[in-house]
Amino acid sequence: DEFEQILHKALKIPDAVPLPSARVQYFWSEIDSDGSGKVRFEEFLQWWLKYFNENTTERAQIHDFYRGIRRIGVKHLDPPAYAPAV
């Protein structure tokens, strides 16, 4: 998927480390602001500037989060959102 490839490059995540589908869907929901299922250049630009512009705090937060994931590795990539049912 092209969008996932963009995320890998932008977040500097190695290709061998899969991105959790929930993360990809979250970013997609952020970028596809009109819900069309396609991304116009204007949508992409707004999203890029929000998360990857050197001057935004959102970029720093996202970068720090994914820097931690790169240290953790594939085995512990994305913890479950809820505790497993017993």
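## A glutamate in helix α3

The side chain of E43 comes to 2.8 Å from the backbone nitrogen of R40, a polar contact (a pair of N or O atoms within 3.5 Å; within protein, one must be able to donate a hydrogen and the other to accept it, and residues adjacent in sequence count only if both atoms are side-chain atoms). This is a predicted model, in which local features need pLDDT of at least 70 and side-chain atom pairs count only at pLDDT 80 or more, while totals for chains, interfaces and linings use all residues. Residues are numbered from 1 along each chain as its sequence is written, and side-chain values use heavy atoms, with hydrogens and water left out.

E43 sits in helix α3. Is E43 buried or exposed? E43 is buried, because its relative accessible area is 2% and buried means under 20%, exposed over 50% and partly exposed in between (1.4 Å probe, protein chains only). Leaving aside residues up to four places away in sequence, E43 touches I31, D32, S33, D34 and K38, where a contact means heavy atoms within 4.5 Å. One of these, S33, is 10 residues from E43 in sequence, and their C-alpha atoms are 6.6 Å apart in space.

## The chain as a whole

Now take a step back. The protein chain has four helices and zero strands, in the order α-α-α-α from the N terminus. These elements are DSSP runs numbered from the N terminus: helices are H or I with at least four residues, strands are E with at least two.

The protein chain has 86 residues, of which 29% count as buried. Looking at contacts between residues at least 6 apart in sequence, 46% join residues at least 24 apart.

## On the surface

The protein chain exposes about 6,400 Å², with carbon and sulfur atoms supplying 56% of it; such areas come from the Shrake-Rupley method with a 1.4 Å probe, and for residues, only the protein chains shown count as cover.

Helix α3 (residues 41-52) also contains L45. L45 is partly exposed, with a relative accessible area of 37%.

## A loop residue to look for

Which residue has a positive phi although it is not a glycine? K12 does, with a phi of about 55°. Most residues other than glycine have a negative phi. K12 lies in the loop between α1 (2-11) and α2 (21-31), and K12 is exposed, with a relative accessible area of 53%.
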